[in-house]
Amino acid sequence: MAAFRAAVRTFTRLGNSGVAECVEKLTGLRLAGVGQVGGNLLASHSRGLRTPPASTSALPHSRYQAVQQEVVVDDTDALKEFSHEVIGKVDEQVRDGAAGRLFAAVYLQGKQHLVTPGDLVVVQTAFPPSIGDAIRLEKVMAVGARDFTLFGRPLLGKDLVRVEATVIEKTLSHCRVYFYYRRRKNTRRTKFNRTTHTLLRINRIEITHGINEVPETTGVEGRVL
């Protein structure tokens, strides 16, 4: 049987050419009608046997495919010119006071607030400043107007944007009731909680200088840096 299987594998490799000679040499049997594969003895005995797939000489990916070359245009100068033009227009609006009413996104006590001049902001945690104190909110994430918006990475410079506020009230929040109950256990617990709230009024939002301008530093004459 092993010799017969070897003959089948040889038949698979060689096809129909030299099948009778191979079978006669390996098994000692002569086969008639080898050309008719569907009705010969070899085909009938080879049913159910695993035969490796015939290898193809040409693979699909072996064919050469022409790759079209991509032309990259150097537009660095054009982008620089466009950015300088936009920055110049923003600086002109800031210089002339034509930007209108500004808004800012500030980070205060773990939360972000979108504020404009005259808004009231409630800080829902303990806040150290007292009533009547004028404070400056330094963690400014974005500032903008009608025609432009400046975003920080993540914060804008302290010398670029100035947001001032005043503490006008410090009070407690409304009473929150926490009720704990276990049925059929005669267990009831009631707790009341009030947190400290601080009310701020936004006085002014100002962009102090141009975007690419560096303010002059005074008071460092004669110092070695």
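Here's a quick tour of the charged side chains in this structure, plus a look at one of its helices. Keep in mind that the model is predicted. Salt bridges come up a lot, and the count comes to six. There's also a patch of positive charge on the surface.

**A salt bridge inside a helix**
- Lys89 pairs up with Glu85 in a salt bridge, and their closest N and O atoms sit 3.8 Å apart.
- Glu85 is partly exposed, with a relative accessible area of 44%.

**More about helix α4**
- How far apart are the end C-alpha atoms of α4? They're 30 Å apart, which agrees with the 30 Å that its 21 residues should span at 1.5 Å a residue.

**A salt bridge between two loops**
- Lys158 and Glu138 form another salt bridge, with 3.3 Å between the closest N and O atoms.
- Lys158 is in the loop between β6 (149-151) and β7 (161-172), while Glu138 is in the loop between β4 (134-136) and β5 (140-144), so this pair ties together parts that are 20 residues apart in sequence.
- Buried or exposed: which is Lys158? Lys158 is exposed, at 53% relative accessible area, whereas Glu138 is partly exposed, at 40%.

**A salt bridge between strands, and a network**
- Glu164 and Arg204 also make a salt bridge, and here the closest N and O atoms are 2.8 Å apart.
- This pair links distant parts of the chain, since Glu164 sits in strand β7 and Arg204 in strand β10 (residues 196-207), 40 residues apart.
- Arg204 counts as partly exposed, with 38% relative accessibility.

**The positive patch**
- Six residues gather in the surface patch of positive charge: Arg182, Arg183, Arg184, Lys185, Arg189 and Lys191.
- Take Arg189 as one of these: Arg189 lies in strand β9 (residues 187-193).
- Arg189 has a relative accessible area of 53%, and is exposed because the cut-off for that word is over 50%.

Methods
Residues numbered from 1 in each chain as written. Predicted model: local features only at pLDDT ≥ 70, side-chain atom pairs only at ≥ 80, totals over all residues. Heavy atoms only, no water. Patch = residues over 30% accessible without salt bridge, like charges linked within 9 Å, V, L, I, M, F, W, Y side chains within 5 Å. Areas by Shrake-Rupley, 256 points an atom, 1.4 Å probe, with all protein chains shown as cover. Salt bridge = Lys/Arg side-chain N within 4 Å of Asp/Glu carboxyl O. Lys, Arg positive; Asp, Glu negative; His and termini not counted. Charge placed at Lys NZ, Arg CZ, Asp CG, Glu CD. Helix = DSSP H or I, 4+ residues; strand = E, 2+ residues; numbered from the N terminus. Buried < 20%, exposed > 50% of the residue type's maximum accessible area, 1.4 Å probe, protein only. Expected span 1.5 Å × (residues − 1).
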